[in-house]
Every structure is written in structure tokens, then in C-alpha cells.
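Q: I would like a close look at one part of this protein. Please take me through it step by step.

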Amino acid sequence: MKKYIALLLVVVMAFSFAACAKTETKTKTDDPKVKGEGVMTYAEYIAADMDSQVVIEAYVQGHQSWWDNKITVYAQDADGAYFLYEMACSEEDAAKLTTGTKIKVTGYKGEWAGEVEIMDATFEFLEGNYVAAPVDATAWLGTDELAKHQNEVVSFKGMTVEKIEYKNGEPGDDIYVTLGYGGASYSFCVEVYLTGPDTDVYTTVGDLKTGDVVDVEGFLYWYEGPNTHITSIKTAA
């Protein structure tokens, strides 16, 4: 009987160790700082030459509309963010690119009008999930620090509306938004392929008046300077 009990204890402990190992593996998979074999860290990606091939792992934070087997994705890990421009993607896979989804991306590093991006990319799904919290970037306006956070999910607080302008002069396309802070003006955009005319963001921005003070969240896109793609906006308290 004693031998049977001892054997039973050994079996139970073995299952316990196996369960711990599985838990540890899952934790590592979900850690946005952990990279797979052959995958660049964010620092290595930033240091890579333009037009060179890059391989990254990141988590989807948002994406523009799918079309023609392509999709443009805003992605991020624990150290920085990536703009995946017109990545090859089926319509079926596009529906799976929900916020937090982990993907491995292979493409080429490029730049357009100051925006650093990954072009001609392909991807595969990985296990894991991570949603980035917006970082308050208000204090970085007008400084070199802002550019270091390109494409991240950011917020700006206490911004004053200076101008609202529809591309092509009427609702239905992008909205160009000029906001002031600390005596300087900054460009923002309601990107219609990201937040279209049927979204609350689009409607809210369209109703803003010069002089309104607002808090903004979005993706820190770059076009000849910061040109945040707005995902949320509300009147400041």
C-alpha cells in the first residue's frame, strides 16, 4: 500500500510540474518583450537600414479597411510601434486581426514623408495578446522626443481646436484637424479608412467649433511632422 501511495504521489507531482511548465510557456508567449528566434527587437528594427528586410513580432492595435487583398495595420510591442503599410492579407484573415492579436511580420523597412513603415509585408498569426495603453504625449509636443514614439497609441490633453477641414471640401473623406497647444499648431487627421463617416469619432470631430478644448487619442502617424490619426476625441473636462 505504501508503494502504491508513493507511486501515486510521483504521478501527481509529475502532472503538477507539467502544468507549471505550460503556464510558464504561455506567460512567455504573452510577454510583449519576448521575441522568437530570428525576430528583431524594436531597437534592432530602428537601427536597420532603409530598404533592408526586417522581421518583427508585434500586436495589432488597429487597422484600416481591407481592400484588394491588402490591409494597413497599426501594431505595437512593449518597446515601440510599427506601421504595416498595405500588408498582404486575405479578407478572411483581415477579420481575425482584432485588437491585441499577435503577428509575425516579414517585409522591408521604408520611409515616406518622414513616416517609417514596413512595406511589401507578409504575416502569420502567433499565440499571444497585448493591448497598449495610450501614453500621454502632450509634454513632448514641439520636442524631439515625440518622434521617438512614432506610430504608438498616444493621447494629447487640453488641445484647442483651431481649424476643421474636410478633404475635398465636404463630409465623406478624411478630416484635417488643426489643434493648438502652448502657442504652436499641430496637424491631426481623421483617417476615413480607419474611422469612417459612420463612427462616433468622425461625427464628433465634424461638430467641433473653433476654440473648443479637447482631449485626443490616436496613432502617432507622421507626415512631414506629427499627424496623429485620431481614434477618440472628447471635450476636455
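Which residue in β11 does V216 stand opposite?

A: V216 stands opposite I233 in β11. This is a predicted model, where local features need pLDDT of at least 70, side-chain atom pairs count only at pLDDT 80 or more, and totals for chains, interfaces and linings use all residues. Residues are numbered from 1 along each chain as its sequence is written, and side-chain values use heavy atoms, without hydrogens and water.

Start with the strands around β11. Helices (H or I, at least four residues) and strands (E, at least two) are DSSP runs, numbered from the N terminus. Strand β11 covers residues 227-235. Strand β10, residues 213-219, runs antiparallel to β11, and six bridges join them. Strand β9, residues 184-190, pairs with β11 in the parallel sense over three bridges. Two strands pair if DSSP finds at least two bridges between them.

T228 is buried, with a relative accessible area of 1%. Buried means under 20% relative accessible area, exposed means over 50%, and partly exposed lies in between (1.4 Å probe, protein chains only). What touches T228? Leaving aside neighbours within four places in sequence, its contacts include S187, F188 and C189. Also among them are G218, F219, V154 and F156. Contact means heavy atoms within 4.5 Å.

Last, the whole chain. The protein chain has four helices and 11 strands. Buried residues make up 40% of its 237 residues. Among contacts between residues at least 6 apart in sequence, 55% join residues at least 24 apart.
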